[in-house]
Every structure is written in structure tokens, then in C-alpha cells.
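Some words used for protein structures rest on a cut-off.

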Amino acid sequence: MTTTQPPAPPVRPPAATPVSPWALSAFWFGTAFHWLLLLLILMPADVVRFVGEEQKGSYLGALVAVGAVIGLVLPPIVGARSDRSGRRLPYIRLGLAVNLAGLAVMGFAATALTGVGGFWVYVAGFLLVQFGNNYATAPYSALIPQLVAVRERGRYSGVMAMLQAFGQLLGAVAAFGLGALGLPSWVSFALIALLLLGPALVTLRGVPAELDRVEGAEQAPRLSWAQVFAYAPFLWVFVTRVLFALGQYSVQPFLQYYNADVLRQTDAGTSTSIMLACIIVGSIASALVGGRLSDRVGRKPVIYVAGGLMAGAALLLLVAPGFPAALALALVFGLGFGAFTSVDWALGSDAMPSAGSYARDMGIWHVAFVAPQLSSAPQGALLDWGNAQGGNLGYTLVFGLAALFFVAGVVLVRNVPDRVHERAA
């Protein structure tokens with residue numbers, strides 16, 4: 001494996017970034033709201049209503065995993081098409097439209113249908129949601145390395161992480177409010193659609209049309225997948241992102257079940273919303289600071305601290321004496337998660353090997369976050385099996401695995417070359 005950097009591409013990030021970080025990150029705000037409310041609140045509850053309690057872990061894990069297959073395959077393909085066309089915004093618009101159509105199908109199934117037959121209609125809508133959202137993701141992700149000056153990437157990544165956290169916080173608050181009001185399911189899906197569409201329009205309008213053209217892209221080198229992974233900074237950023245995502249998806253889909261089975265909360269949906277709010281408040285507190293700090297001291301020190309906090313919180317949740325203690329641990333987890341996400345986009349952008357294939361390579365990098373969702377199916381089965389043995393063993397297994405993944409990510413991120421973002425300048 002060579003560690004030599006590919007030849008410098010003719011397409012360079014600008015000396016000064018011409019797009020507001022708030023406008024550029026707005027789409028991520030809507031996407032964060034979308035996935036939190038859908039994946040962590042609505043889908044677990046809907047799956048139980050469709051298939052019952054005994055198989056909830058297996059069905060939910062399988063549903064998340066099937067959707068992840070689309071996220072695994074589609075972004076690099078769409079990203080490559082975007083690179084060849086030199087355009088990003090048309091792909092975002094089309095993906096947004098398909099995403100909204102999928103939400104309509106899911107809302108219909110959740111409101112009007114029941115049983116396994118209703119579940120399969122729900123699955124069809126979810127696949128449309130995954131297709132549309134991932135169709136937009138790779139071209140959107142390419143905007144940061146394409147438009148943002150290298151020295152500003154930590155700040156922009158921090159703004160993106162903070163808006164992501166605010167989107168998630170709003171999702172948790174919305175879940176609490178919707179649960180308290182007892183509104184029909186279609187209202188929740190309509191709210192998701194509205195909060196996805198509005199911020200997306202801010203981003204689409206905030207990126208001028210004249211900037212949505214990659215000048216010189218046709219002359220820039222387009223590396224093969226093997227060459228991309230032979231580039232050491234990209235390889236190790238990819239591997240560590242996989243590990244952090246595996247840790248996240250060992251816990252995240254099952255939080256509602258954890259609240260019901262381990263913490264004995266009578267209203268698990270509301271309790272999960274409160275716990276998520278604590279995670280997100282912690283994320284907001286550390287996101288912008290972590291991004292700015294990484295521009296000064298480097299990305300890796302921030303990740304060391306972030307991974308340690310997340311691993312420790314995941315383990316301590318297993319012995320939390322009650323709901324208040326779990327909320328405190330959720331806040332600690334959020335501090336780590338916010339710091340990690342504040343550096344995530346900057347580190348990924350720094351590690352791109354060729355400016356001629358930003359969207360394709362960011363699509364490949366995005367696979368490192370999506371592919372671990374496939375673990376939700378075996379993790380769900382492991383959860384059900386362990387709990388069937390008694391003593392909430394299933395939660396011990398999946399939360400313990402989460403801590404191991406976070407620790408491994410911290411250890412292996414040391415292999416990312418120091419100050420790679422400076423060499424990219």
C-alpha cells in the first residue's frame with residue numbers, strides 16, 4: 001500500500017469561501033431532523049404496531065439494514081455522475097423530491113394500514129426515502145471540499161455539526177410534543193417533510209448557480225477505487241469512520257427499547273425523546289468549539305477525546321441506577337458525539353485524494369457511515385437472543401460492542417497522517 005499523495009489536481013478549493021456556512025449546512029439541519037424523528041421515534045413504534053413485541057428487534061434491524069443497502073450502493077454511483085456533469089444542485093433537487101414521495105407512502109401506511117401487509121407498504125416507502133436521501137447526499141457532500149477553503153473547513157464542519165445537533169434537538173422536542181398531543185401518524189410525517197424541504201431550499205438558494213460548476217474537472221485525475229483506498233489518509237479516515245458508525249448503530253436504533261426494558265419507563269417514546277434531547281444538548285455544546293479547535297490543533301486530538309467519552313458513556317449506561325443517571329450519561333455521550341461530528345466532515349474533506357472526483361469519493365466515504373447500518377439486523381437479533389436468556393443480556397452485548405468499536409476507532413485514527421489538512425492546502 002502506498003502512502004504517496006496523488007498528483008495535485010487542477011481543481012482547487014477557493015482561497016476564501018464564497019458561501020455562508022449556515023446556508024451550506026442548512027440541508028444537513030433538515031436531514032438531521034428527518035432521520036432522528038423517523039429512525040429513532042416513529043419507526044420503532046410503527047414496527048411494534050405492525051409486527052408485535054416478540055419480533056420487534058429483528059424486524060426493525062432488518063428494516064434499517066435493507067435501507068442501508070441503498071445508502072451503500074447509490075452515493076458513489078450518483079457522485080460519479082455528478083462529477084462527470086460538474087453539477088451538484090440538480091441531483092439534490094431530484095433526490096429531495098423522491099425523499100418526500102417516500103415519506104408520503106410511509107405516512108399513509110402508518111396511518112391507514114395494519115399487520116404484516118401494512119408493514120411491507122411501509123417498507124416500500126422507506127426504500128423510496130432512502131433512495132431519495134442518498135441520491136442527494138453525495139453531490140451535497142462534495143460542496144464542502146469543492147467550495148470551502150482548507151483553512152476554514154474545521155469551522156464549516158463545526159457549523160454543520162451544530163446545525164445537525166439543532167435539527168436533532170428539534171426532532172426530539174417534536175417527538176415529545178406529538179406524543180403528548182396524541183396526533184395521528186400522518187401529522188408526524190408531514191412535519192418531517194416540511195422540515196426537510198424548507199432547509200433544503202435554503203441550501204439550494206444559498207449556493208449560486210455560477211458556483212455549481214466544477215471548472216477544470218474534466219482534466220482532474222479520476223482515481224480507481226483501488227487507488228483511492230491506496231491513499232493512506234483516505235483509507236484510515238474511512239476505517240475509523242466505519243468503527244465510530246458501528247458504535248453508534250449498536251445503540252441508536254434500540255434506545256426506545258432500552259428505555260422500556262432496562263429503565264422501566266412506562267412511556268418509552270417520551271423517555272427516549274428526553275434522552276435524545278440530552279445527547280443533543282451535549283452535542284451542541286461541543287460541536288462548534290470542536291470544529292474551530294481542530295483547525296488549530298489538528299483533527300485527531302479532538303477525536304481522541306470524543307471517542308473516549310462515547311465509549312465510557314455506552315458502558316456506564318449498562319449500570320445506570322435509574323433514568324436521571326442515564327440522562328446524565330446521555331449528556332456526556334452527546335459531548336463526545338458533538339466533538340466527533342464537528343471534525344468528521346473536515347477530516348473527510350481533507351482526505352479526498354482527487355478534486356476531479358469529489359462527489360464520487362465523498363460518496364465512497366459516506367459508505368463508511370451507511371454500511372455499518374447493516375449491522376442493525378444482526379445486532380437486533382443479538383438483542384432479542386440475549387434478552388431471551390434473561391437479565392437484559394441483549395443490552396449488555398450490544399452496548400458493550402458499541403464501546404469496543406469506539407475504542408478501536410480512537411486507536412486506529414492515530415494512523416491518519418498528522419496535519420493532513422495542511423498538506424492539502
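Q: What makes helix H14 of this predicted model largely enclosed?
A: In this predicted model, 12 of the 13 residues of H14 are buried, so the helix is largely enclosed by the rest of the structure. Buried means a relative accessible area under 20%.

Q: How do you know that the length of H14 agrees with its number of residues?
A: H14 runs over residues 358–370, and at 1.5 Å a residue its 13 residues should span 18 Å. The expected span uses one less than the number of residues. The end C-alpha atoms of H14 are 18 Å apart, so the two values agree.

Q: How many cavities of 30 Å³ or more does the structure hold?
A: The structure holds 3 of them. Of the 41 residues that line the largest cavity, the closest to its centre are Gln168, Gln248, Tyr249, Gln252 and Phe369. H14 is one of the elements that give two or more residues to this lining, while H13 gives the most, with 8 residues.

Q: What classes of residue make up the lining of the largest cavity?
A: The lining divides into 27 nonpolar, 12 polar and 2 charged residues.

Q: Which residues line the second largest cavity?
A: Its lining consists of Val237, Thr240, Arg241, Phe244, Ile303, Phe340, Asp344, Leu347 and Val413. The volume of the second largest cavity is about 40 Å³. H9 gives the most to this lining, with 4 residues. By class there are 6 nonpolar, 1 polar and 2 charged residues. Arg and Asp count as charged, and the lining includes Arg241 and Asp344.

Q: Why is arginine 264 called exposed?
A: Exposed means over 50% relative accessible area. Arginine 264 has 62% relative accessibility, so it counts as exposed. Arginine 264 lies in the loop between helix H10 and H11.

Key: Residues are numbered from 1 along each chain as its sequence is written. This is a predicted model: local features need pLDDT of at least 70, side-chain atom pairs count only at pLDDT 80 or more; totals for chains, interfaces and linings use all residues. Side-chain values use heavy atoms; hydrogens and water are left out. Buried means under 20% relative accessible area, exposed over 50%, partly exposed in between (1.4 Å probe, protein chains only). On a 1 Å grid over the protein atoms alone, a cavity is a set of points where a 1.4 Å probe fits but cannot get out, and a pocket is an open set with protein on both sides within 12 Å along at least five of seven lines; lining residues have an atom within 4 Å of a point. Grid points are joined across faces, edges and corners, and a volume is the space filled by probe spheres set on the points.
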